[in-house]
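My notes follow in the order I looked things up.

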Amino acid sequence: MKELPASVVADDVLAVVLTRAGRVPAGADEAVAEAGGLVLLAGDDPGPGIDALPSARRVWLAPTVCASGAAARALAPALAGVQLLILPASPDGRDLAPRLAAELDRPLLAGATRCSLDGGAVSADLLRVDGQVVVPVTTHRAAVATLWPGSRGPEPAGQQPDV
């Protein structure tokens, strides 16, 4: 198992998933698929969560407390070099994402149905007005996004993840 290095700068897009007792929230695998199979599992016992993420190609583990403020402070230094952080829009993801965005001084793209990095630009489609309006946004800064569960299907990696 790979413990979280001081910096995860080798990757431009990364899913961040908080686990509780080794369980991942709804929408976690979709967030991992949106991040191209790269995921940081953080929580009190993150290791067992790997089994629930067939889209995972590469996994980092970060045993940390589940309190979002403490988790954001603990994770931010290692994630500072990643351009796009994608969290599932689960209760924990919606709690951690704005705190992580504040720690990293980045915009928060909340409620995305799609998000991607193209060159230096982060783009996303955000749901608004109770899901009746899709607002496309683009920023030329690193960003944190939450992805709505059910907005896309997972994409199995077809191999065991590199852990």
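Predicted model: local features only at pLDDT ≥ 70, side-chain atom pairs only at ≥ 80, totals over all residues.

I began with Asp-105, which is found in the loop between α3 and β5. Phi of Asp-105 is near 55°, a positive value in a residue that is not glycine.

Ala-21 sits in the loop between β1 and α1. With a relative accessible area of 57%, Ala-21 is exposed.

**The overall layout**

I stepped back to the whole protein chain. I get three helices and eight strands. Going along the sequence, I read the order as β-α-β-β-α-β-α-β-β-β-β. Of the 163 residues, 49% are buried. I then looked at contacts between residues at least 6 apart in sequence, and 63% of them join residues at least 24 apart.

**α2 against α3**

Next I looked at the helix pair. How far apart are the axes of α2 and α3, and at what angle do the helices pack? For helix α2 (residues 68–79) and helix α3 (residues 91–104) I find axes 9 Å apart and an angle of about 50°. That value makes α2 oblique to α3. The crossing of the two is right-handed.

I listed who meets whom. On the α2 side I have Ser-68, Gly-69, Ala-71, Ala-72, Arg-73, Ala-76 and Leu-79. On the α3 side they meet Asp-92, Asp-95, Leu-96, Arg-99, Leu-100, Glu-103 and Leu-104. Sorted by type, the residues of this contact are seven nonpolar, two polar and five charged.

Which residues of α2 are buried? I have Ser-68, Gly-69, Ala-71, Ala-72, Leu-75, Ala-76, Ala-78 and Leu-79. What covers these buried residues includes α3, along with β1, β2 (38–43), β3 (58–63) and β4 (84–88).

**Salt bridges**

Side chains of opposite charge can pair when their charged atoms come close. I searched for such pairs and the count came to three salt bridges.

I took Asp-92 with Arg-20 to start: their side chains meet at 2.7 Å, N to O. Asp-92 lies in helix α3 and Arg-20 in the loop between β1 (13–19) and α1 (28–34), so this pair ties together parts that are 72 residues apart in sequence. Buried or exposed, I asked of Asp-92? Asp-92 counts as buried because its relative accessibility is 15%, and the cut-off for buried is under 20%. Arg-20 is partly exposed at 45%.

Then I checked Arg-99 with Asp-95, where the closest N and O atoms are 3.2 Å apart. Both lie in helix α3, four residues apart, which is about one turn of the helix. Arg-99 is partly exposed at 40% relative accessibility. Asp-95 is partly exposed too, at 32%. Both residues are also on the α3 side of the contact with α2.

The remaining entry is Asp-125 with Arg-114, at 3.2 Å, N to O. Asp-125 lies in strand β6 (residues 121–128) and Arg-114 in strand β5 (residues 108–118), so the pair ties together parts that are eleven residues apart in sequence. Arg-114 comes out partly exposed, at 30% relative accessibility.

**A proline in β4**

I finished on Pro-88, which is in strand β4. Its relative accessible area is 2%, so I have it down as buried. What is Pro-88 in contact with, leaving aside its neighbours within four places in sequence? I wrote down Val-16, Val-17, Pro-25, Ala-26, Gly-27, Ala-28, Ala-31, Gly-93, Arg-94 and Leu-147. I also took the distance from Pro-88 to Asp-29: they are 59 residues apart in sequence and 8.4 Å apart in space, C-alpha to C-alpha.

Technical notes
Residues numbered from 1 in each chain as written. Heavy atoms only, no water. Axes fitted to C-alpha atoms, helices over the stretch in contact; angles between N-to-C directions. Parallel < 35°, antiparallel > 145°, perpendicular 65-115°, else oblique. Left-handed = near helix turned anticlockwise from the far one by under 90°. Contact = heavy atoms within 4.5 Å. Nonpolar A, V, L, I, M, F, W, Y, C, P; charged D, E, K, R; others polar. Salt bridge = Lys/Arg side-chain N within 4 Å of Asp/Glu carboxyl O. Buried < 20%, exposed > 50% of the residue type's maximum accessible area, 1.4 Å probe, protein only.
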